[in-house]
Amino acid sequence: MSITTKPAWQRLITTLALAALYLICSVAEAQSTQASLRLKWLPQAQFAGFYVALAKGYYADEGIDLTINPGGPNILTENLVASGSDTFGLSGGAESVFAARDRDLPVVAIGLGTQLTDFVFVAKQDGPIETLEDFVGHRVTTWFTGANYVLYAMLAEQGIDRETVNIQPQQVSVTPFVDGTVDVATATWYNELNTIRNRVGEENLRIFSPDDYGITFPRDALIVSERTLAERPELVEGFVRATLKGWKEAFSDHDAAVDTVMQWAPTLDRNHQLAMLSEMQRLMTAGPAEEFGLYWLDRETLEQEHDLLRRYDVIGSDVDLDIAFDSRILEAIDKDERMP
Amino acid sequence: MKPRLATLAHGATTRLGLTVLGLALVWQASTALLGVPASYLPGLDAIFSMMHRHPAPFIAGFIRTASEMLIGLAAGTLVGLINGVLLHRHQLLRQLLLPLFIVSQTIPVIAFGALVVMWFGNSLLSKAVIAFYLTFFTITVNTLAGLRSVDPAQIRLLRSFGASDHQLLWRLQLPSALPDIFIALKLAVALSLSGAVVGEWFGDTTGLGVLLLQSMYNEDMVTLWATILLVALLGSLSFAAVALMERVMLFWQPRA
């Protein structure tokens, strides 16, 4: 018995040894990257500028061998940038930069992607919600990752006690809103709202945009660690310059930009991605960007957001805006290159 | 021996094939006849046409996830076997390490995953590490249990013939522990697959887990179901491979 089993055992051991060898080899090859960018989500047109800049060789022109690492539901971009795992990051928004600084993470925002709040609260035309006051007593879902504070502030500005509104965390799907089990849902202009428009129809929707209520949360913050910014400013400048160029190229040719993105994620819905890019262009070129260019850090907006986050105790202490949001890199780049 | 094994496998495969075909027919017929909306459950025709139109991400994803899973499973099995033998031999080691292994398994993989990305980056390796993390414990515990269940009379007999520790291990203890080890391997197949899929949720561009995540958040039910079917296929193939290996290596065992 023991003799006949031996060859089979040896085969198993050989296989396992080979697998172990492969494991060791893949450790050795994982170190050739010069710089990396950690996105906040998987490849989609929301990040077209980066993918276009990479495909067109704009980063290479700046001497940067860039790797774009996608994000995911459990990825904290700020931590990865602070720890040095990634050189650059596309963080949730100004609010995540405030929160990171509040936790003493040494990350700095060098630009803000969308100049306006990138999400809205949406209700149905034939539903019970006509004004913000009608939120009272109805079911509202939102993301408890920052959007909830925008909602609280909007309600507070209108003198509405948020305890009277049934606010629930929003899950992945917009189906509960489409089916009518939720009266108000939160939707980004570039993603969920497009899905909802397709399923319910634009004319059947009522949109409550935070910006219309004087609350602006700029989002998609470009972040870097304090150390990288201090020690390799030329790398950061080159990265931002190439990124700006990538976005301008993407804005000038939506079709080609979506093609580039879809090379990374071929199963995406092309029309949805085209709509996403259009919305991104609108949000990124609005407001202060019209005057100062893409990724501009608008001081007044940031001060307002800071005060709002302090008021709701999202951040425990004052954050120094000059350290958390550094516009020196943008200012070092010619205005022509920044203008959309 | 051989023809019997072949007919047995043949009969089982035919039955399995018919069951799968039957389920597929029920699926397709019910979605088509009852007019189930695609956002609820898409028909199989839509799912296969999606895979046919964009085969590249599905093939690449399948290969990628399979590699992550197999590397993790192989490493987990190897480490688990070594652990089992060492812990069996050294009581002190068992008292020191086993509680630590148990603690390691109480950490939810989601918490662990964020660390893995920080330590191992976005490589294939980081997913294999998660698959490994989920598998080595099962193999360790079952190897240990298998080694401990060896009949002491048989050990005494081999000892009386002057067998060394090494001979005892390879000729009696490990072969006797094989049934337990194979039970662990079958569990580990499922665990390593879910480890690889979840590992891909920590930022990647290729893999079945990536497709799953992307389609989930885009409410793209067709891609979601296509990916679910491929994950199921990968799991079944791996399970079948382990079962086949078990048949070949444990030919002396009575089969249920």
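Predicted model: local features only at pLDDT ≥ 70, side-chain atom pairs only at ≥ 80, totals over all residues.
View 1. Take the contacts in chain A between residues at least 6 apart in sequence. Of these, 80% join residues at least 24 apart. Chain A has 340 residues, and 49% of them are buried. Its secondary structure comes to 17 helices and 10 strands. Along the principal axes, the C-alpha atoms of chain A fill a box of roughly 80 × 60 × 45 Å.

**View 2. Helix 2 and helix 10 of chain A cross.** Helix 2 covers residues 48–55 of chain A, and helix 10 covers residues 233–252 of chain A. Their axes come within 7 Å and cross at roughly 105°. Angles of 65 to 115 degrees count as roughly perpendicular, so helix 2 of chain A is roughly perpendicular to helix 10 of chain A.

**View 3. The residues where helix 2 meets helix 10 in chain A.** Helix 2 of chain A brings Ala48(A), Gly49(A), Phe50(A), Val52(A) and Ala53(A). Helix 10 of chain A brings Ala242(A), Thr243(A), Lys245(A), Gly246(A), Trp247(A), Glu249(A) and Ala250(A). By class, this contact has 7 nonpolar, 3 polar and 2 charged residues.

**View 4. Chain B touches chain A.** The contact takes 39 residues from chain B and 33 residues from chain A. Which helices of chain B each supply at least two residues of the side that touches chain A? They are helix 3 (55–89), helix 5 (109–120), helix 6 (124–148), helix 8 (165–199), helix 9 (208–217) and helix 10 (221–249) of chain B. By class, this side of chain B has 24 nonpolar, 11 polar and 4 charged residues.

How values were computed. Residues numbered from 1 in each chain as written. Chains lettered and ligands numbered in written order. Axes fitted to C-alpha atoms, helices over the stretch in contact; angles between N-to-C directions. Helix = DSSP H or I, 4+ residues; strand = E, 2+ residues; numbered from the N terminus. Parallel < 35°, antiparallel > 145°, perpendicular 65-115°, else oblique. Contact = placed C-beta atoms within 7 Å. Nonpolar A, V, L, I, M, F, W, Y, C, P; charged D, E, K, R; others polar. Buried ≥ 20, exposed ≤ 12 C-beta atoms within 10 Å, placed from the backbone.
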